Amino acid sequence: MKRILQGLVLLSVFCLAFNSSVLAAGNTKPGGPSTNGNDNISSIMTYEEMIEKLSGLEKRSKGKIEVSTLDEYGKSEQGRSIYVAKAGHGETKVWVQAQIHGDEKLTTEAVMQLLKTLGTSGNPDVKTLFDELTLYVIPMYNPDGSIMNNRETQLMDENGDPVSDSAFVDLNRDWALDGFEANESRVVYEYWANVKPDFAVDLHHQGFKTVYGTNESTSFSLGISLAPDGPTLPSLENGYYNKVTKQMQAYVYDAMTKYGYTHIDQYQVGGEDAKYYIDIRGGVVSAMMLGLNYNNLNPDGHSNPAIFFETKGNTREGNLGQKSNGYLTKQNYLALKELLMGIATGEVHNVNPDHWNDIPAYPAEGYLTDYAGILPIN
Ligand SMILES: [Zn+2]
């Protein structure tokens with residue numbers, strides 16, 4: 001039984017953590033407007049619309065936003081360009097990536113809102129961000145998946161035909177020591193190894209869950225794919241990543257609480273009977289923290305800390321509704337902006353890392369890993 005449970009949990013890790021039909025059936029108060037009802041993908045930005053908007057924004061920003069593709073490194077499996085927007089001239093480099101899973105679409109909307117603010121607003125905060133940071137923003141990491149409305153990308157052969165009906169790759173498991181299955185992974189990895197960011201943030205959606213001790217639906221979870229205080233993170237960079245990932249999460253939690261967002265918790269996976277933190281070394285931002293050196297492209301072993309945001313709902317399961325999209329996008333956008341301000345001003349480093357424990361979480365049964373099954377909490 002335990003073995004079966006582990007298999008089930010492993011399958012559902014990251015952004016698909018919960019069986020929505022089970023949890024949604026309960027008497028759950030929504031965190032923000034309901035996501036039940038019609039899934040209106042037609043109102044959500046497509047790949048083509050993103051390109052058009054990026055181009056318009058670059059023009060309107062009068063040089064403040066620079067848009068380019070990663071074509072010099074390669075293209076997606078189906079031959080699409082991966083876009084990057086660069087902003088700011090500060091010393092600290094921050095990497096922002098959205099929609100590595102092609103059915104987690106509001107992440108792209110949030111990032112585009114951020115770019116719009118950066119490109120067109122005269123707010124003093126924006127000046128601070130430009131002076132202190134240089135941002136490398138990938139609004140849609142997985143264009144093929146987005147167009148297919150699918151979490152994964154599909155491997156294609158040299159003729160542009162699918163390798164097989166089942167050759168799908170989760171790009172967030174594809175930064176591995178022995179190389180990459182999908183073009184997207186190698187392309188973005190090579191770019192990352194050139195940029196050498198100081199921080200990263202990765203935007204996702206997850207299934208439905210409730211905030212511990214309440215019947216309120218979680219609208220947003222804060223997490224990272226190598227668990228704070230877990231089996232891996234404390235040993236990296238003399239404990240700095242363990243500390244700063246907690247500080248970043250606690251900083252965002254406080255900032256969002258001030259805006260009145262109260263349905264935020266820690267990212268955990270599992271069913272109603274048991275919850276786990278994750279320690280997944282093959283995840284992209286995990287590999288960033290571990291300093292993946294593939295093909296000697298990162299000979300100095302550059303690494304950087306990262307966190308992720310997990311917004312509720314996704315478009316493949318059809319549980320994002322038009323009513324909730326604006327709320328969830330704004331939540332992501334504000335959280336992103338606040339995190340960047342915290343990094344730019346250095347305030348992130350003033351947070352007591354133990355404050356991370358104040359973000360609501362379930363008592364965890366263990367760490368769910370991709371290398372040793374479930375490990376106990378010490
Ligand atoms: Zn995801």
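This is a predicted model: local features need pLDDT of at least 70, side-chain atom pairs count only at pLDDT 80 or more; totals for chains, interfaces and linings use all residues.
Biologist: Which strands stand at the edges of the open sheet?

Modeller: The sheet has 3 strands in the order β10-β12-β13, with mixed pairing. Each edge strand has a single partner strand, so one side of it is left without a neighbour in the sheet. The edge strands are β10 (276–279) and β13 (374–375).

Biologist: In β13, which residue is the bridge partner of Y367?

Modeller: Strand β12 covers residues 366–369 and pairs with β13 in the antiparallel sense over 2 bridges. The bridge partner of Y367 in β13 is L375.

Biologist: How many residues apart in sequence are the parts tied together by Y73 and Y191?

Modeller: The structure holds 18 aromatic pairs. The ring centres of Y73 and Y191 are 6.0 Å apart and the planes are at 65 degrees, which is over 60, so the pair is edge-to-face. Y73 lies in the loop between β1 (65–69) and β2 (83–87), and Y191 in helix α7 (residues 183–195), so the parts tied together are 118 residues apart.

Biologist: What is the class of the ring pair Y277 and W356?

Modeller: Y277 lies in strand β10, and W356 in the loop between α10 (322–345) and β12. Their ring centres are 6.0 Å apart. The planes are at 40 degrees, so the pair is tilted.

Biologist: Is W356 buried or exposed?

Modeller: Buried means under 20% relative accessible area. W356 has 5%, so this residue counts as buried.

Biologist: Over the ring of which residue does the charged end of K275 sit?

Modeller: The charged end of K275 is 4.4 Å from the ring centre. The ring belongs to Y362.

Terms used
Residues are numbered from 1 along each chain as its sequence is written. Side-chain values use heavy atoms; hydrogens and water are left out. Two strands pair if DSSP finds at least two bridges between them. Helices (H or I, at least four residues) and strands (E, at least two) are DSSP runs, numbered from the N terminus. Rings of Phe, Tyr and Trp (its six-membered ring) pair if their centres lie within 6.5 Å; planes under 30 degrees apart count as stacked, over 60 as edge-to-face and the rest as tilted. Buried means under 20% relative accessible area, exposed over 50%, partly exposed in between (1.4 Å probe, protein chains only). A charge sits over a ring if NZ of Lys or CZ of Arg is within 6 Å of the ring centre and within 35 degrees of the ring normal.
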